[in-house]
Amino acid sequence: MDVKLKCIECDKSFDGGAINRCVCGGLLDAVPDLESLRGVVSKELFDKRIGSREFPYTSGVWRFRELVNPIVLDKDIVSKSEGNTFLYSHQRVREYTGISNIVLKHEGENPTGSFKDRGMTSGISEAKRLGMNAVACASTGNTSASMAAYASLAGLRSIVFIPEGMIAFGKLSQALAYGAKVLQVNGNFDDAMSLVQESAEELGMYLLNSINPWRIEGQKTIIFELVQQFKWEPPDWIIVPAGNLGNTAAFGKAFYELVELELIDSIPRIASIQASGANPFYGLWKNNLKELEAVENPETIATAIKIGNPVSWKKALRAIKLTCGVVEQVTDQEIMDAKAIVDASGIGCEPASAASVAGAKKLMEAGVIDPKERVACVITGNILKDPDATINYHLSRLDGIFSRFANKPTVIKPTLEAVKREVG
Ligand code: F0G
């Protein structure tokens with residue numbers, strides 16, 4: 001079996017190695033030999049592996065190993081049994097969005113609390129296969145938490161570049177605790193991203209941001225697993241929060257491969273949702289621009305997607321075009337209200353994740369999504385990642401945000417009378 005790395009700009013092909021960009025500067029795709037996979041992979045094969053206790057098939061990533069990294073050997077696979085995330089359907093979410101057939105796929109149920117683990121098990125395993133010693137990434141938090149955990153598990157050094165003071169505490173604490181070298185860059189995520197690219201090349205660190213094609217290969221499994229949960233009959237829409245655009249890119253590639261391999265016969269439309277204060281991809285799509293215009297000072301309460309210059313925009317645009325998709329933006333108010341609904345449904349998520357649900361509501365109200373269509377929203381991160389945002393919402397302490405669904409705690413005297421008065 002064979003995988004080539006191929007430039008999305010000039011089509012030049014490479015046999016592999018620790019490279020993330022073509023000589024022309026273009027991003028690379030890992031291109032599996034679909035011809036040789038035909039007849040090897042099947043719905044039955046993937047279904048048979050569900051519930052397996054055999055390594056690495058306990059993982060919802062490696063269950064699809066032929067479509068993730070067909071050349072990596074078991075000895076190099078670094079897995080925390082990622083994936084196998086649940087689909088939630090809740091009346092409160094249906095009523096809020098106005099969509100009768102909406103489900104949420106909770107990627108916050110991954111081992112370090114975000115979807116990043118799917119791309120990270122794939123990226124770190126490739127780093128081991130290549131014999132790398134050190135890995136690096138820039139991050140708004142979740143990538144660094146995930147990379148730190150997987151690198152330590154693999155015995156690799158990890159160096160993370162984060163924008164100082166701009167990442168949620170749950171994520172920073174994970175990166176520190178898992179033992180990464182944490183560099184707090186005086187600047188925003190986009191500054192950290194340029195610096196890590198320069199440093200990785202100069203210092204021989206293996207770059208594990210989503211410009212690494214193997215990260216994308218792992219993240220495709222969100223779609224593989226979702227489609228499998230839908231009994232191989234995909235929904236009409238997949239809605240995903242969008243920041244650096246790795247997921248949007250991965251989802252398009254996943255659908256392309258599933259159709260080519262005749263594992264599905266229709267492709268859902270992807271809706272990629274940005275925060276309105278960090279919306280360069282929305283601007284590109286809405287105004288039909290040829291090149292992405294970066295947002296200089298991105299601003300949103302959803303720090304995970306506070307990104308002004310997303311690296312994977314060309315791959316993401318390809319995904320939107322392939323799937324007749326759309327790009328939408330939502331305000332911080334819409335994000336926090338949607339989060340309150342997801343949280344109060346017992347599902348729970350971090351702010352950026354709720355952009356998908358806020359986006360679903362907006363697209364339904366605009367008539368883009370029909371209320372009867374089957375819609376799957378991806379919830380990207382766990383509720384515990386950013387407790388500050390949650391508490392400040394419920395205490396009505398967020399500047400410029402009205403806490404419409406606040407659930408304020410009550411202070412009482414230690415008496416039964418006081419309890420009765422409150423509880424009724
Ligand atoms: N949701 C969460 C919770 C995220 O952490 C991210 C990205 C996204 C959505 C956006 O996904 O970049 O694939 O479009 N977080 C990255 C990080 C940038 O560094 O953790 P994307």
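Visitor: Which residues in H5 meet which in H9?
Guide: In this predicted model, Lys116, Arg118, Gly119, Met120, Ser122, Gly123 and Glu126 of H5 meet Trp214, Arg215, Glu217, Gly218, Gln219, Thr221, Ile222 and Glu225 of H9.

Visitor: And by class, how many nonpolar, polar and charged residues in that contact?
Guide: The contact of H5 with H9 has three nonpolar, six polar and six charged residues.

Visitor: At what angle do H5 and H9 pack?
Guide: About 140°, with the axes 7 Å apart. H5 covers residues 116–129 and H9 covers residues 213–229.

Visitor: Why are H5 and H9 called oblique?
Guide: Roughly antiparallel needs an angle over 145 degrees, and roughly perpendicular runs from 65 to 115. The H5 and H9 angle is about 140°, so the two helices are oblique to each other.

Visitor: Is the crossing of H5 and H9 left-handed or right-handed?
Guide: H5 and H9 cross in a right-handed way.

Visitor: Now H9 and H10. What are the angle and the distance between the axes?
Guide: H9 packs with H10, residues 246–260, at about 60°, and their axes are 8 Å apart. That angle makes H9 oblique to H10. The crossing of H9 with H10 is right-handed.

Visitor: Which residues meet there, H9 against H10?
Guide: On H9, Ile216, Glu217, Gln219, Lys220, Ile222, Ile223, Phe224 and Val227. On H10 they meet Gly246, Asn247, Ala249, Ala250, Phe251, Lys253, Ala254, Phe255, Glu257 and Leu258. By class, the contact of H9 with H10 has 11 nonpolar, three polar and four charged residues.

Visitor: Switching to the largest nonpolar core. Which residues touch the most other members?
Guide: Phe46, Ile223, Ile238, Phe251, Phe255, Leu258 and Phe281, out of 49 residues in that core.

Visitor: What is Leu258 in contact with, leaving aside neighbours within four places in sequence?
Guide: Leu258 is in contact with Ile223, Phe224, Val227, Trp232, Leu263 and Ile264.

Visitor: How many residues are in the second, separate core?
Guide: That core has 40 residues, including Trp237, Ala275, Ile305 and Met336.

Visitor: Different topic. Where is Ile50 found?
Guide: Ile50 sits in the loop between helix H2 (43–48) and helix H3 (65–68). Its relative accessibility is 47%, so Ile50 counts as partly exposed.

Visitor: What does Ile50 touch, not counting residues up to four places away in sequence?
Guide: Arg63 and Gln228. Ile50 and Gln228 are 178 residues apart along the chain, and their C-alpha atoms are separated by 9.9 Å.

Conventions: Residues numbered from 1 in each chain as written. Predicted model: local features only at pLDDT ≥ 70, side-chain atom pairs only at ≥ 80, totals over all residues. Heavy atoms only, no water. Axes fitted to C-alpha atoms, helices over the stretch in contact; angles between N-to-C directions. Helix = DSSP H or I, 4+ residues; strand = E, 2+ residues; numbered from the N terminus. Parallel < 35°, antiparallel > 145°, perpendicular 65-115°, else oblique. Left-handed = near helix turned anticlockwise from the far one by under 90°. Contact = heavy atoms within 4.5 Å. Nonpolar A, V, L, I, M, F, W, Y, C, P; charged D, E, K, R; others polar. Core = buried A, V, L, I, M, F, W, Y, C linked by side-chain atoms within 4.5 Å. Buried < 20%, exposed > 50% of the residue type's maximum accessible area, 1.4 Å probe, protein only.
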